[in-house]
Amino acid sequence: MPASSMDDLVALCKRRGFIYPSSAIYGGLKGFFDFGPMGVELKNNLKKAWWNHMVYQRDDVVGLDSSTIMNTEVFNYSGHLDTFSDPLVDCRQCKGRFRADHLEKPICPQCGSKELTDPRPFNLMMKTTLGPIEDPSAVAYLRPETAQGIFVNFKHVTDSMSVKLPFGIAQIGKAYRNEITPRNFIFRVREFEQMELEFFVKPGDDEQWHEYWVDQRIQWWHQQGLNPSRLVKFEQPKEELAHYSKATVDLLYEFPHGLEELEGVANRTDYDLGSHSKEQSELGLTANVKENIHSVSRLALKGDQNEWIVPYVIEPSAGVERGILAVLHEAYTEEDLGDGKNRVVLKLPFHLAPIKIAVLPLAKNNEEIVKLAQSIVSKLKQAPIGWVVLENTGSVGKSYRRHDEIGTPYCITVDFDTIGQEGNPLLKDTVTIRDRDSLEQTRLPIDQLVSFFMNKIYGA
Ligand code: GAP
């Protein structure tokens with residue numbers, strides 16, 4: 001069973017170095033969180049798994065890393081300046097502000113007053129100013145989605161890489177939204193990361209590719225440990241679609257606070273490339289003249305028949321923080337070990353676990369045992385296993401508890417048998433490997449450790 005409550009997860013994340021409230025020593029900052037030593041590893045591992053699946057395992061996707069602050073015209077032509085808003089209501093009594101669509105009744109959730117204003121649109125983009133003079137011309141926006149960086153680089157990528165339709169451009173990066181009511185831990189925050197693919201296809205092939213990407217994304221989330229029974233598809237009703245979308249399928253996950261969106265897979269048609277093509281920049285005109293195609297969009301591409309088309313785009317867009325929350329929720333397990341003992345264990349898939357192996361010397365002051373443990377760590381670090389650590393606390397029980405709670409799949413104990421001091425010569429130069437999930441303990445010669453773990457990881 002996953003974690004019973006969000007509180008369990010929040011407490012574990014803080015206790016074990018996954019996620020801390022941002023600026024905590026000054027009272028925090030609503031909607032912002034920091035990832036600690038375990039959290040950053042988990043996050044990197046999830047992003048690596050996404051990049052591997054979306055880029056390296058395919059022949060039709062390339063990557064990009066674009067800037068997070070963009071020319072205001074980008075958001076003008078993308079439609080975000082006009083339409084990227086949530087409905088906001090103010091409470092006339094307590095002056096609280098709320099998202100109208102999050103209120104179950106027209107009553108202030110803070111003070112209970114019925115004195116609410118009519119809803120009005122509130123643009124979610126975060127503003128900043130560039131340069132030394134703070135006048136309206138200095139205003140710039142932090143991107144609310146990574147996607148726009150891909151669209152405005154479409155021509156750069158197609159000019160510099162040999163890509164042919166259908167093909168995709170993938171990007172992982174920060175996005176910012178001035179959410180009216182950030183809430184539910186890292187589920188709705190103001191600064192987060194997105195893993196987005198813009199997959200360009202021929203118009204007419206879009207619906208088929210849309211279905212394909214929905215299936216791909218569901219399979220990928222299963223590989224990250226999400227139980228299929230807690231992940232469902234939801235076709236957004238027409239009236240709820242974003243301004244750019246012809247159809248969107250949300251992947252909803254059963255989070256601790258309820259069934260909510262983990263990822264959206266949208267059919268954005270030619271909306272974005274088409275809109276940006278309306279802007280007649282110098283670059284656009286030059287490109288058109290060079291190609292002798294004055295009448296067509298500068299973001300067009302040649303199709304099979306050598307005709308010029310503006311591609312449609314299918315966009316799987318997942319939030320990293322929501323992914324982390326889902327993965328943690330799924331992995332969190334409380335187990336009754338009998339005899340009044342229990343444990344909390346994070347049953348993360350191996351590839352997501354922050355630490356892969358912890359090596360524990362049984363006696364922290366026994367020089368021979370500690371040296372041997374250090375040499376095992378060095379040997380394992382040379383193999384492509386991931387993060388291997390020495391945990392020399394002197395209390396194996398305490399170390400097991402900590403490593404269960406951070407999801408370390410294997411602990412290796414170096415004991416007196418290993419150094420031949422316990423009377424059983426057959427056990428000399430062997431160590432105990434403890435499996436996090438089954439709690440099985442296996443005794444193995446030190447010189448077989450690398451091949452044992454390589455078999456476990458790569459199955460060869
Ligand atoms: N480019 C399309 C796009 O941005 P979206 O549905 O607004 O679409 C995509 O966002 C994903 O980004 C969501 O499914 C969610 O995982 C994540 N996301 C959006 N807003 C978020 C927020 N305030 N906090 C955390 N994650 C968020």
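Which residues are linked in a network of salt bridges? The members are Asp-86, Arg-99, Asp-101, Glu-179 and Arg-188. Before going further, note that this is a predicted model.

Some background on the pairing. Side chains of opposite charge can pair when their charged atoms come close. Searching the whole structure gives 30 salt bridges.

Next, Asp-90 and Arg-97. Their side chains meet in a salt bridge at 2.6 Å, N to O. Arg-97, at 45%, counts as partly exposed.

Then there is the salt bridge between the side chains of Glu-335 and Lys-347, with an N to O distance of 2.6 Å. Glu-335 sits in strand β18, residues 332-338, while Lys-347 is in the loop between β19 (341-346) and β20 (357-361), so this pair ties together parts 12 residues apart in sequence. Glu-335 is buried, with a relative accessible area of 19%; the cut-off for buried is under 20%. Lys-347 is partly exposed, at 31%.

Rolling a probe the size of a water molecule over the atoms shows where empty space is left.

The largest pocket has a volume of about 1,400 Å³. It is lined by 46 residues, and those closest to its centre are Arg-177, Gln-236, Asp-250, Glu-261 and Arg-322. Which element gives the most to this lining? That is β14, with eight residues. Other elements that each supply at least two lining residues include β11 (191-201), β13 (247-255) and α10 (320-331). By class, the lining of the largest pocket divides into 18 nonpolar, 11 polar and 17 charged residues.

The second largest pocket holds about 330 Å³ of space. Of its 15 lining residues, Asn-45, Lys-48, Phe-350, His-351 and Lys-356 are the closest to the centre. Two or more lining residues come from each of α2 (37-56) and α13 (449-458). The element that gives the most to the lining of this second pocket is α2, with six residues. The lining of the second largest pocket has seven nonpolar, five polar and three charged residues.

That is everything I have for today.

Key
Residues numbered from 1 in each chain as written. Predicted model: local features only at pLDDT ≥ 70, side-chain atom pairs only at ≥ 80, totals over all residues. Heavy atoms only, no water. 1 Å grid on protein atoms, 1.4 Å probe; cavity = no way out; pocket = protein on both sides within 12 Å on 5 of 7 lines; lining within 4 Å. Points joined across faces, edges and corners; volume = space filled by probe spheres on them. Helix = DSSP H or I, 4+ residues; strand = E, 2+ residues; numbered from the N terminus. Nonpolar A, V, L, I, M, F, W, Y, C, P; charged D, E, K, R; others polar. Salt bridge = Lys/Arg side-chain N within 4 Å of Asp/Glu carboxyl O. Buried < 20%, exposed > 50% of the residue type's maximum accessible area, 1.4 Å probe, protein only.
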